[in-house]
Amino acid sequence: MLDVTLEELTNVLGVPTRTTGHQHYFRCPACSAGGGDTSGDNLLFNDRKGVLKCFACDEGAREVLKMVNSKRHQNNYTPTAAKVERKEYIPWWQKNIENLVIYMCEAEEEMTDKAAAWLWRTCGIDKDTIKACAIGYDSNPTMIRIGASVTFPMFSINHDGLLVGFELRQIGDRKYIKHTIDAPSCLCIINQNKDAENLVICEGFKDAYCFRQFLKMKGVLDDFVILTPAHGVNDIYENLKSINYTRYNQCYLLLDNDLAGDKETQRIIQDYPFFKDKRELIKPFGDIAEWWMKNYVNIGE
């Protein structure tokens, strides 16, 4: 943890260009010296974790620390070892559970035919899934910096099914995804049925929604619990210990057909050998969403 304060950074860099929770963004002096960082937010400082980093270069943080040290010497600064009373950290989502639920309801109400049509055209997600999975639309997100987006709620199996955040997927041709503040590493429930005998883990929200539709089309949706990681494939392994496997007769993995999917599938099956790799179902396609779009979505519909 760095021995540097937000006040010291402000003294050498000026006020942050924007602040989100404990995260403060500045223009990186190293990037700007070469004409870069025109948006003025390459440099991030987290005042809770004491982390300072530039997303675009390796020199920015070092240069800023030199500036801070120089300022300290000018002011005869002497670091102290004063005891700091640390308060218990409460995640942002936990302090804002009611607001997250309200936001979900408002996003559901704001869902437009245009946004629903975009989800079907680009992701193969239909109106039934939009309604059943509480997918919403936010025309002007304020919690995070992103354009008009569809909202995928995160109901975490690691936190007793509580709503812990959202994945926001910006509407448009460019793939642009963000998550709400402090959204934890977890596995999210897409389809929950207490009497389901089977468990399947998909790699992402889009894949999980499409697979839900496939299971419904086959008439076996109620036989499955569908999970997906909050932040991608790397979230899966560390959260498997939260699952009560005695509930299920069969456990399946349906990750992407790529190197990351190969590696994670092998890693999971090595330590949880009762999982079965079902990616043969979607070959030769790269993921469930692509397979679903190519085989079951009528683009002209």
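Colleague: Is Ala260 buried or partly exposed?

Modeller: Ala260 counts as partly exposed, because its relative accessibility is 39%. Buried means under 20% relative accessible area, exposed means over 50%, and partly exposed lies in between, with a 1.4 Å probe and protein chains only. Please note that this is a predicted model, in which local features need pLDDT of at least 70 and side-chain atom pairs count only at pLDDT 80 or more, while totals for chains, interfaces and linings use all residues. Residues are numbered from 1 along each chain as its sequence is written, and side-chain values use heavy atoms, with hydrogens and water left out.

Colleague: Where does Ala260 lie?

Modeller: Ala260 lies in helix α10, residues 259-271. Helices (H or I, at least four residues) and strands (E, at least two) are DSSP runs, numbered from the N terminus. The C-alpha atoms of Ala260 and Asn234 are separated by 8.8 Å, and these residues are 26 residues apart along the chain.

Colleague: How many helices and strands does the chain have?

Modeller: The chain has 11 helices and 13 strands. Its C-alpha trace spans about 75 × 45 × 40 Å along the principal axes. Of its 301 residues, 45% count as buried.

Colleague: Now the aromatic rings. How many aromatic pairs are there?

Modeller: There are 17 aromatic pairs. Rings of Phe, Tyr and Trp (its six-membered ring) pair if their centres lie within 6.5 Å; planes under 30 degrees apart count as stacked, over 60 as edge-to-face and the rest as tilted. One of the pairs is Phe205 with Tyr209, which is tilted, at 6.3 Å centre to centre and 40° between the planes.

Colleague: Why are Phe205 and Tyr209 separated by about one helical turn?

Modeller: They are separated by about one helical turn because they are 4 residues apart in helix α8. Phe205 is buried, and Tyr209 is buried as well.

Colleague: And what about Phe214 and Tyr296?

Modeller: Phe214 and Tyr296 form a tilted aromatic pair, with 5.9 Å centre to centre and 55° between the planes. Phe214 lies in helix α8 and Tyr296 in helix α11 (residues 288-296), so this pair ties together parts that are 82 residues apart in sequence. Phe214 counts as buried because its relative accessibility is 10%, whereas Tyr296 is partly exposed, with a relative accessible area of 34%.

Colleague: Which residues do ring pairs link into a cluster?

Modeller: The cluster consists of Phe211, Phe214, Trp291, Trp292 and Tyr296.

Colleague: Changing topic: how many salt bridges does the structure hold?

Modeller: The structure holds 11 salt bridges. A salt bridge is a side-chain nitrogen of Lys or Arg within 4 Å of a carboxyl oxygen of Asp or Glu. Among them, the side chains of Asp277 and Arg279 meet at 3.1 Å, N to O. Asp277 is partly exposed, with a relative accessible area of 34%, but Arg279 counts as buried because its relative accessibility is 8%.

Colleague: Which residue forms a salt bridge with Lys283?

Modeller: Lys283 forms a salt bridge with Glu280, and their closest N and O atoms are 3.7 Å apart. Lys283 is partly exposed, with a relative accessible area of 48%, whereas Glu280 is exposed, with 59%. Elsewhere, salt bridges that share partners join Arg18, Asp41 and Arg145 into one network.

Colleague: What kind of peptide bond joins Lys283 and Pro284?

Modeller: A cis peptide bond joins Lys283 and Pro284, with omega at about 10°. Pro284 is found in the loop between β13 (275-277) and α11.

Colleague: And the backbone at Asp37: what is its phi near?

Modeller: Phi of Asp37 is near 50°, a positive value in a residue other than glycine. Asp37 is found in the loop between α2 (29-33) and β3 (43-46). Asp37 is buried, because its relative accessible area is 8%.

Colleague: What about Asp182?

Modeller: Phi of Asp182 is near 60°, again a positive value in a residue other than glycine. Asp182 lies in the loop between β8 (177-179) and β9 (187-191). Asp182 is partly exposed, with a relative accessible area of 30%.
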